[in-house]
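Colleague: I am new to this protein and would like a walk through its fold. Could we begin with the helix packing?

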Amino acid sequence: MWRCPLCQQPLQQSMRTWRCDNRHAFDEAKSGYLNLLPVQNKKSKQPGDDKTMVNARRQFHDAKGYEPLMAALVETIQKHYAGQSDVRLFDAGCGEGSYLGYIVQALQDAERRVNASGCDIAKHAVDLAAKRYKNCHFAVASSAHLPLEDNSQDVVLQVFAPGSNAEYQRVIAPGGLLIAVDPAENHLWSIKQAIYDNPRQHKVAFASRAGFSQLIEQRLSFTVDLSDPQTRQGLLEMTPYYWRLPQAEAQARFADIKQVEADFVIHVWQRDHR
């Protein structure tokens with residue numbers, strides 16, 4: 001499945017080392033992930049979200065703050081991907097792995113066999129994912145240069161992450177699915193109102209995707225209860241809005257927020273059969 005990020009040849013595993021025919025070698029980290037992000041593709045010394053935001057996401061997801069969204073993604077896969085063999089599932093921009101881990105467990109509980117993997121540009125996030133979700137495979141890599149072989153995936157997730165349509169067209173097998181999740185107009189509106197004098201709703205605009213046919217566009221909205229301290233602090237610290245203010249001022253502005261809007265758009269695209 002993995003391919004060399006330097007020469008794009010398939011990688012073969014021997015013990016804890018992965019090699020291509022051109023003798024490029026990549027060793028698994030102690031937690032089990034591969035680092036397939038070449039230095040020339042890094043835009044900073046530590047690309048991606050910092051440790052504080054990554055840890056906050058893990059804390060928030062452990063409190064099941066966005067569980068309705070995760071459940072909706074499971075339902076979408078069950079409804080729209082009917083392949084009889086193992087579901088080859090990839091999370092492009094997997095973060096600390098909570099979405100992939102939840103979906104894999106739910107599909108397995110429904111007696112679907114899953115071959116799951118994911119990548120993220122943030123090394124700390126991938127390390128957390130690999131330590132917890134041992135039934136999945138993870139790599140540090142950019143979604144703009146996926147370290148995957150052609151036509152190797154049945155379902156690709158893009159949840160709040162940037163991505164490359166050309167790469168999705170390359171790695172998703174004909175008939176496979178791309179499931180993209182983006183914030184809708186009212187997402188975290190109460191938090192925006194607490195920070196900005198003139199908050200603006202998020203604009204949702206989507207163009208067509210070359211090589212794909214759109215199956216559905218689904219709006220999903222629910223309320224997140226912030227009475228639990230773990231949920232509350234996790235959500236605040238994982239959003240960039242929180243870090244725009246000094247911490248004491250941020251806590252003061254958010255003190256009266258007891259619940260917040262979660263508002264998403266889920267798009268499902270099917271890879272053309274050609």
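Modeller: Please keep in mind that this is a predicted model. Helix H1 (residues 51-62) packs with helix H7 (residues 229-238) at an angle of about 145°, and their axes are 8 Å apart.

Colleague: What is the hand of the crossing where H1 passes H7?

Modeller: The crossing of H1 and H7 is left-handed.

Colleague: Which residues make that contact?

Modeller: On the H1 side the contact is made by Thr52, Met53, Ala56, Arg57, Gln59, Phe60 and Asp62. H7 contributes Pro229, Gln230, Thr231, Gln233, Gly234, Leu235, Glu237 and Met238. By class, the residues of the H1 and H7 contact divide into six nonpolar, six polar and three charged.

Colleague: And at what angle do the axes of H1 and helix H4 cross?

Modeller: The axes of H1 and helix H4 (residues 123-132) cross at roughly 35° and come within 9 Å. From H1, the residues in this contact are Lys51, Val54, Asn55, Arg58 and Asp62. From H4, they are His124, Ala125, Leu128, Ala129 and Arg132.

Colleague: How many nonpolar, polar and charged residues does the contact of H1 with H4 have?

Modeller: The contact of H1 with H4 has four nonpolar, two polar and four charged residues.

Colleague: Let us turn to H2 and H3. How do their axes cross, and at what angle?

Modeller: Helix H2 (residues 67-80) and helix H3 (residues 98-109) have axes that come within 10 Å and cross at roughly 50°. That angle makes H2 oblique to H3. The crossing of H2 and H3 is right-handed.

Colleague: Which residues of H2 and H3 are involved?

Modeller: H2 brings Glu67, Leu69, Met70, Ala71, Leu73, Val74, Ile77 and Gln78 to the contact. H3 brings Ser98, Tyr99, Tyr102, Ile103, Ala106 and Leu107. The residues of this H2 and H3 contact comprise 11 nonpolar, two polar and one charged.

Colleague: Now the strands. What is the order in the sheet of eight?

Modeller: The eight strands form an open sheet in the order E4-E7-E6-E5-E8-E9-E11-E10, and the pairing is mixed.

Colleague: Why is one side of E4 and of E10 left without a neighbour in the sheet?

Modeller: Strand E4 (34-35) and strand E10 (212-225) stand at the edges and each has a single partner strand, so one side of each lacks a neighbour in the sheet.

Colleague: Which strands of that sheet does H2 touch?

Modeller: H2 packs on the sheet and touches strand E5 (87-92), E8, E9, E10 and strand E11 (259-271). The direction of H2 makes about 155° with that of E10.

Colleague: Do E8 and E9 run parallel or antiparallel?

Modeller: Strand E8 (residues 153-159) and strand E9 (residues 172-183) run parallel and are joined by six bridges. Gln158 stands opposite Ala180 in E9.

Colleague: What about the sheet of three strands?

Modeller: That sheet is open, with the order E1-E2-E3 and antiparallel pairing. Its edge strands are strand E1 (12-14) and strand E3 (25-27), each pairing on one side only. On average, neighbouring strands here are turned by 25° against each other, direction ignored. Strand E2 (residues 17-19) pairs with E3 over three bridges, and Arg19 stands opposite Ala25 in E3.

Colleague: To finish, how many helices and strands does the protein have?

Modeller: The protein has eight helices and 11 strands. Its radius of gyration is 19 Å, close to the 19 Å that the globule rule gives for 274 residues, so the protein is as compact as a globular protein of that length. The C-alpha atoms fill a box of roughly 60 × 40 × 35 Å along the principal axes.

Notes
Residues numbered from 1 in each chain as written. Predicted model: local features only at pLDDT ≥ 70, side-chain atom pairs only at ≥ 80, totals over all residues. Heavy atoms only, no water. Axes fitted to C-alpha atoms, helices over the stretch in contact; angles between N-to-C directions. Helix = DSSP H or I, 4+ residues; strand = E, 2+ residues; numbered from the N terminus. Parallel < 35°, antiparallel > 145°, perpendicular 65-115°, else oblique. Left-handed = near helix turned anticlockwise from the far one by under 90°. Contact = heavy atoms within 4.5 Å. Nonpolar A, V, L, I, M, F, W, Y, C, P; charged D, E, K, R; others polar. Pairing = 2+ DSSP bridges. Rg over C-alpha atoms; globule rule 2.2 N^0.38 Å.
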